[in-house]
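Subject: Handover of a structure

Dear colleague,

Please find the structure below, together with its sequence.

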Amino acid sequence: MALTGAGISAESGVPTFRDAGGLWRSYRPEELATIGAFERDPRTVWEWYAWRRGFVAECQPNDGHRALARFFLARGTAGIVTQNVDGLHTRAALKEAGDGPPDAALPIEIHGAIARDRCNRCGLRADAEPLGDSLPRCAACGGMRRPDVVLFGEMLDSELLARAHRLAERADLCLVIGTSAVVQPAAGIPLATLHGGGSVIEVNTEATELTGAATVEVRGAAGVVLPALLG
Ligand code: BV8
Ligand code: ZN
């Protein structure tokens, strides 16, 4: 299996989480991507997500996303778990699958997807629409719509997290790519592979919280390392 973070999308031009806010006024992501900020100031959080949606829509999957997609398509069984909400793994899966089924390369998106909205009251999901003068409302119940991502301070979807942990516990290898391994509970997923007797290979341009526990650390950019490692 593979667990990916913002670093796999860096070469696509998507700012890693730590500098996402740096490009947008003077806010820090940790201040904006929180349920507290959304409840306090939904318009500012919505404007940040609308900006990020537009930014990400212009980005393309890079060689790292595509090598990972080819690897899982060749294996025929799904194994990508991502913290990213940018949708680039899904776009890589569709590109690499051609007219074949993309399923084996589709990711478990444990933090949700920025291109979708969700109703804060009834949970109804809908495709994103351009942000207008008034904040988006749910067509079914009139509740407040928000981006379909897990904000800091919110629980992850327990079913998705359980699927990710089942993959990790059974995996011989967890390839951990482009994550600083500080965000919980995602950062615990590779440890489940180690506890299950499997190995962890970390692909990152820097050392991280996980490096000490990794079986092998490959120091380099995902877009360069993954095609070399996975073919
Ligand atoms: C929860 C969706 C429990 C949004 C995201 C204090 C207050 C509040 C909460 C907490 C707190 N202390 C701890 C917590 C828990 C918190 C947490 O873990 N905080 C951290 C910061 C300490 N976790 C949560 O809040 C989670 N929920 O715990 O709920 C709970 C219990 C009871 C009741 C209620 C709740 C929710 C976590 C999910 C948050 N949402 N994303 C959005 O994206 O807009 S997480 C967000 O951070 C992104 O998903 C992103 O992926 C992630 C950041 O992590 P990384 O992916 O690792 O990205 P980062 O930039 O950090 O690192 C990039 C790495 O890539 C670097 O290592 C870099 O070296 C490397 N790199 C760069 N370029 C390359 C590269 N590598 C390879 N190639 C390259 N080219
Ligand atoms: Zn609703």
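Does alanine 181 count as buried, partly exposed or exposed? Alanine 181 counts as buried because its relative accessibility is 13%, where buried means under 20% relative accessible area, exposed over 50%, and partly exposed in between (1.4 Å probe, protein chains only).

Please note the conventions. This is a predicted model, in which local features need pLDDT of at least 70 and side-chain atom pairs count only at pLDDT 80 or more, while totals for chains, interfaces and linings use all residues. Residues are numbered from 1 along each chain as its sequence is written, chains are lettered from A and ligands numbered from 1 in the order in which they are written, and side-chain values use heavy atoms, with hydrogens and water left out.

The loop between β7 and α8 holds alanine 181 and also proline 185. (Helices, H or I of at least four residues, and strands, E of at least two, are DSSP runs numbered from the N terminus.) Alanine 181 has a positive phi, near 55°, and the bond joining glutamine 184 to proline 185 is a cis peptide bond with omega of about 0°. Most residues other than glycine have a negative phi, and most peptide bonds are trans.

Cysteine 119 is buried, at 2% relative accessible area, whereas cysteine 122, at 41%, is partly exposed.

Ligand 1 has polar contacts, that is, pairs of N or O atoms within 3.5 Å. One of its oxygen atoms lies 2.7 Å from a polar backbone atom of glutamine 83, and a nitrogen atom of ligand 1 is 2.7 Å from a backbone N or O atom of valine 150. Taken alone, ligand 1 exposes 1500 Å², of which the protein buries 74% (Shrake-Rupley method, 1.4 Å probe; for residues, only the protein chains shown count as cover).

Finally, helix α4 covers residues 42–57.

Yours sincerely

Key: The expected span of a helix is 1.5 Å times one less than its number of residues. A polar contact is a pair of N or O atoms within 3.5 Å; within protein, one must be able to donate a hydrogen and the other to accept it, and residues adjacent in sequence count only if both atoms are side-chain atoms.
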